[in-house]
Amino acid sequence: MPEIQTAVIGVGHLGKFHAQKFFQLQNSALTAVADKDYGKAQEIAAATSCTAVADYRELLGQVDAVSIAVPTDLHFEIAQDFLCHKSHVLVEKPMTASLEQADTLIALAREHGRVLQVGHLERFNPAIVALEEQLGEARFIECHRLSPYKIRGTEVNVVLDLMIHDIDIILEIVDSEVDRIDAKGTPVLSDDIDIANARITFKNGCVANVTASRVSTTTDRKMRIFQNDAYLSVDFQNHELAVYRKGEQEMYPGVPNIDVQKIRCEENDALLAEIENFLGCIANGASPKVSGLDGKRALQTAILISEQLT
């Protein structure tokens with residue numbers, strides 16, 4: 001597979017890991033990293049044997065593909081500039097600050113025949129990959145995504161920061177349109193919403209109850225899916241999947257017993273898998289696992305939830 005000339009825009013906490021992955025992959029030739037903190041860009045560039053720039057615009061038209069890991073309010077401008085210069089784009093979630101911006105990026109990617117992928121990393125979690133093989137028709141979904149407070153990510157509310165991970169997965173699982181949303185939330189440590197709960201009712205009758213907090217004392221990332229024939233429990237943090245199904249034996253007369261299967265998924269590097277998917281789609285002309293349309297779909301639901309919290 002020929003090398004793809006790549007660059008990373010924004011090399012803060014997450015962007016530096018993007019740079020490391022692009023540097024280590026054989027089909028990627030990491031050309032440059034860009035960050036307005038030029039000292040930080042130089043530090044990462046030295047570690048990954050590439051060029052450092054302070055202004056990403058120096059790279060327009062110079063690379064085949066970019067990964068954008070800057071604050072959300074900068075996603076649109078940077079992604080638009082690179083798509084207009086015919087670079088493929090991997091942009092962190094949430095993909096943009098508005099649906100209109102998302103539509104523009106999707107249209108530009110289509111116009112120029114470029115890959116537009118959105119960084120919903122949990123899609124590459126091995127527990128979710130294992131879940132795909134067990135799924136039937138979901139009837140009820142319960143999600144908890146809790147974490148201690150961190151300054152990083154607080155430029156958006158907790159729905160766009162954390163809950164959007166679960167929203168993306170739920171929308172992928174439930175093949176139905178959203179019918180109704182009821183949501184509550186409150187600020188705690190920041191000026192924006194730090195803890196929120198949303199009840200999403202779909203037109204096919206499935207209901208998802210989703211809670212996200214960035215002011216918890218512990219980290220917990222779990223999803224429980226109830227089907228007519230099974231209960232599936234996903235532990236994102238520990239990469240575990242538990243499957244509970246009705247068995248052939250009886251625990252009481254007329255009541256089936258429950259067979260339990262616990263699957264400990266092999267450890268993987270989800271970010272590496274995400275970037276491999278991005279580069280593979282560029283090379284093969286395939287659609288990414290999380291497309292621009294997927295990113296917009298998750299953003300739209302997150303915005304609808306957020307509007308009820310203000």
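Predicted model: local features only at pLDDT ≥ 70, side-chain atom pairs only at ≥ 80, totals over all residues.
Visitor: Which residue forms a salt bridge with Lys-21?

Guide: Side chains of opposite charge can pair when their charged atoms come close. A salt bridge here is a side-chain nitrogen of Lys or Arg within 4 Å of a carboxyl oxygen of Asp or Glu. For Lys-21, the closest N and O atoms are 2.7 Å apart, and the partner is Asp-269.

Visitor: How many residues apart in sequence are the parts that Asp-269 and Lys-21 tie together?

Guide: Helices (H or I, at least four residues) and strands (E, at least two) are DSSP runs, numbered from the N terminus. Lys-21 sits in helix 1 (residues 15-24), while Asp-269 is in the loop between strand 14 (255-264) and helix 7 (270-284). So the pair ties together parts whose distance in sequence, in residues, is 248.

Visitor: Arg-214 and Asp-161 also meet in a salt bridge, so what is the N to O distance, given the salt bridge rule?

Guide: The side chains of Arg-214 and Asp-161 meet at an N to O distance of 3.4 Å. They link distant parts of the chain: Arg-214 is in the loop between strand 10 (207-213) and strand 11 (220-227), and Asp-161 is in helix 6 (residues 158-173), 53 residues apart. Arg-214 is buried at 2% relative accessibility, and Asp-161 is buried at 13%. Back to the distance you asked for: 3.4 Å.

Visitor: What is the relative accessible area of Asp-229, which pairs with Arg-245?

Guide: Arg-245 and Asp-229 meet in a salt bridge at 3.2 Å, N to O. Arg-245 is partly exposed at 25%. Asp-229 is partly exposed too, with a relative accessible area of 39%.

Visitor: How many salt bridges does the rule count?

Guide: Some salt bridges share partners, joining Arg-123, Asp-168, Glu-172, Asp-294 and Arg-297 into one network. By the rule, the salt bridge count comes to 22.

Visitor: Which strand supplies the largest share of the nonpolar patch?

Guide: Patches use residues with over 30% relative accessible area and no salt bridge, joining like charges within 9 Å and nonpolar side chains (Val, Leu, Ile, Met, Phe, Trp, Tyr) within 5 Å; the areas come from the Shrake-Rupley method with a 1.4 Å probe, and for residues only the protein chains shown count as cover. This surface patch covers about 480 Å² and is made by Met-251, Tyr-252, Val-255, Ile-258 and Val-260. Strand 13 and strand 14 each supply at least two of the residues. The largest share, three residues, comes from strand 14.

Technical notes. Residues numbered from 1 in each chain as written. Heavy atoms only, no water. Buried < 20%, exposed > 50% of the residue type's maximum accessible area, 1.4 Å probe, protein only.
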